[in-house]
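My entries follow in the order I checked things.

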Amino acid sequence: MPFVEVDTNLPASRVPAGLEKRLCAATAAILGKPEDRVNVTVRPGLAMAVNGSPEPCAQLLISSIAVVGTAEENRAHSARFFEFLTKELDLGQDRQIGPGRE
């Protein structure tokens with residue numbers, strides 16, 4: 001059962017409606033898990049800084065049992081999640097942190 005959390009300093013008004021549902025579907029596709037077992041939390045409006053800057057940013061945390069694969073597989077998962085968030089939140093990848101981007 002994957003748990004996905006997105007923290008961002010973007011105000012709720014800048015977070016696209018339905019993001020949590022689309023992220024559920026994307027997570028299921030990326031990790032090969034059933035969508036009805038994916039849990040997503042989106043927390044906008046937080047006080048955050050990435051790389052020392054409070055400019056708009058997001059942080060992604062993924063917890064899932066039996067998904068850890070090879071380093072190459074994990075890099076591929078990470079790239080797909082960040083591609084999704086880049087499009088959805090209109091943030092550059094340098095303004096996002098998460099698996100493989102620490």
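This is a predicted model: local features need pLDDT of at least 70, side-chain atom pairs count only at pLDDT 80 or more; totals for chains, interfaces and linings use all residues.

Which residues touch the most other members of the largest nonpolar core? I found Leu-23 and Leu-89, out of 20 residues in that core. Helix 1 supplies the largest share, 7 residues.

I looked at Leu-89 by itself. Setting aside residues up to four places away in sequence, Leu-89 touches Val-6, Leu-10, Arg-14, Pro-16, Leu-19 and Ala-58.

I read the order of elements from the N terminus as β-α-β-β-α-β. That is 2 helices and 4 strands in the chain. I noted that 35% of the 102 residues count as buried. I also checked contacts between residues at least 6 apart in sequence, and 73% of them join residues at least 24 apart.

Is Thr-8 buried or exposed? Its relative accessible area is 1%, so I logged Thr-8 as buried, the cut-off being under 20%.

What does the side chain of Thr-8 reach? I found the backbone oxygen of Cys-57, at 2.6 Å. I then collected the contacts of Thr-8, leaving aside neighbours within four places in sequence. They are Val-15, Arg-43, Pro-44, Gly-45, Leu-46, Met-48, Cys-57 and Ala-58. Ala-58 had already come up as a contact of Leu-89.

Two packed helices are described by the angle between their axes and the distance between the axes. I looked up both for helix 1 and helix 2: the axes come within 10 Å and cross at roughly 160°. Helix 1 is therefore roughly antiparallel to helix 2, as angles over 145 degrees count that way. I noted the crossing as right-handed.

Which residues meet between the two helices? From helix 1 I listed Leu-19, Arg-22, Leu-23, Ala-26, Thr-27, Ala-29, Ile-30 and Leu-31. From helix 2 I listed His-77, Arg-80, Phe-81, Phe-84, Glu-88 and Leu-89.

Key: Residues are numbered from 1 along each chain as its sequence is written. Side-chain values use heavy atoms; hydrogens and water are left out. A nonpolar core is a set of buried Ala, Val, Leu, Ile, Met, Phe, Trp, Tyr and Cys residues joined through side-chain atoms within 4.5 Å. Buried means under 20% relative accessible area, exposed over 50%, partly exposed in between (1.4 Å probe, protein chains only). Contact means heavy atoms within 4.5 Å. A polar contact is a pair of N or O atoms within 3.5 Å; within protein, one must be able to donate a hydrogen and the other to accept it, and residues adjacent in sequence count only if both atoms are side-chain atoms. Axes are lines fitted to C-alpha atoms, for helices over the stretch in contact, and angles run from 0 to 180 degrees between N-to-C directions. Angles under 35 degrees count as roughly parallel, over 145 as roughly antiparallel, 65 to 115 as roughly perpendicular and the rest as oblique. A crossing is left-handed if the near helix is turned anticlockwise from the far one by less than a right angle, and right-handed if clockwise.
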